[in-house]
Amino acid sequence: MFRRNRNIAAPLLFLLSFIATWQAWVWWSGVPAWLLPAPGQVLAALWEMLPVLFRHTQSTVLAAVTGLLAAVLLALALAVLMDFSPWVRRGMYPLLVFSQTVPIIAIAPLLIIWFGYGILPKVVVVALVCFFPVAVSMVEGMEAADPGMVDLLRVMGFTRWQLIKLVRLPAALPSFFSGLKIAGTYAVMGAVIGEWLGATSGLGVYMTRATHAYQTDRVFAAIIIISLVSLLLFGLINLLARLSIPWYFKERSND
Amino acid sequence: MEIILEDIEKSYMVDGEPLPVLGGVSAAVGEGEFVSLIGPSGCGKSTLFNIICGLTGPDRGRVVLGGKTGARAGEVVSYMPQKDLLLPWRTVLDNVILAREVAGENRETARREARELMPLFGLAGFENSYPAELSGGMRQRAALMRAVLARRRVLLLDEPFGALDAITRTRMQQWLLEVWDKFRQAVFFVTHDIDEALILSDRVYVLTPRPARVCLHLEVGLPRPRRAETLTDPRFLALKRQIMRALLG
């Protein structure tokens, strides 16, 4: 517990001094609030707008989580398919890397044209952003399975499908969760980008409206919410990892 | 005969050149027998095991398992590799019953049987531990338990005690003999330790360096049960001298 406190103390100290410097700078320079609001103002706006922000957060979280789940399911299907067929693997892996180089922000307007202003285009943006880290970590994790284990179970008479279930998928889980953590932090951002381009509700919409009205304190309030939600998602994924791969954490604590 | 190997040859391609590993190995293991295979390191012992298991095919020669050609290896032999290869995400209990799940056997039945055998394998109290929480010797015993519980006619053991310290190894050998005595499966045992081969086996095959052939075949014939004193028995020493001469040329 003592070590934990010490771990938190350093970043907390830096954060507080950053906020204090910011607050002092705003006072001292007299910069107008629409350009740079003081942290106190941001907090006041956050408190005042909390019910509205909560409503928008719900749509954003829904899009983010749905998109993330879609990405996970797609990645799982692809990883299993690649494991079954080296031919699919050879064909798909370069495409997978290529997909990551396509700027999502450039595709997002097209998605709005194709799928309208509802939740679907946001889910698609999130899924596109999250797919790559999840798929790569899954595929590489499955590859990292000990070939000796696979051979041993094959001699026992397990089928290809059972080998995936008994060896390859569990072996991939630690790597999968690392990828999922990265994807989790992207997911909320992806949903917000999707909402910027056109939506009826969501934190992205709220931010666009606030920006246009020069209510910079509200923009910052929304940013705080986005960070908090991303952190929460990250924490949930971490918890899920602890629950589903306890053996991995025991292995690491033994080393 | 449980295993018959006839004139097995195998080469690997290394940098475009064929590297002959097995140069016509013939051997046999009978019902309930304990047979060892000794050879210098890198002489292709593991390759021979992979061929018996059907993980790779021989270039020439014939493998007959369980008295008939074309039997699926996994139905006759159960194999324990050098590394324990326990699944890290399964508890000890669920690791040792692995082979029982292939046949679609009820997990609870297999678990019940495994629980009763835990003391014999020195794993009582560790049923629900993960492999990472066990010592090297315990992991090796769990791996052997997994092989024994598969209930095949032959156990293939590939240098199972190679990574253990001398004292643990001697204990494990004594204990392996107890297990063998109880289950009466035939054992085909690979090692590069002459003492280990002699103290355990009914018969010993000695292999030449690559490409491996059998250069000596011995009936051990020492009375059982064998104990630590057997190591200094004159008959034991005579056999040991014979094997050393064959190995060192």
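Student: How many residues does the contact take from chain A and from chain B?

Tutor: This is a predicted model, in which local features need pLDDT of at least 70 and side-chain atom pairs pLDDT 80 or more, while totals for chains, interfaces and linings use all residues. Residues are numbered from 1 along each chain as written, chains are lettered from A in the order written, and side-chain values use heavy atoms, without hydrogens and water. Contact means heavy atoms within 4.5 Å; here 20 residues come from chain A and 22 residues from chain B.

Student: Which side chains meet in a salt bridge?

Tutor: A salt bridge places a side-chain nitrogen of Lys or Arg within 4 Å of a carboxyl oxygen of Asp or Glu. The rule finds one across this interface: Asp146(A) meets Lys83(B) at 3.2 Å, N to O.

Student: What is the strand order of the open sheet in chain B?

Tutor: Two strands pair if DSSP finds at least two bridges between them. The six strands run β5-β6-β7-β3-β8-β9 in chain B, with mixed pairing. The edge strands, β5 (77–80) and β9 (214–219) of chain B, each pair on one side only. Within the sheet, β6(B) and β7(B) pair in the parallel sense over five bridges, and Val154(B) stands opposite Ala186(B) in β7(B).

Note on methods. Helices (H or I, at least four residues) and strands (E, at least two) are DSSP runs, numbered from the N terminus.
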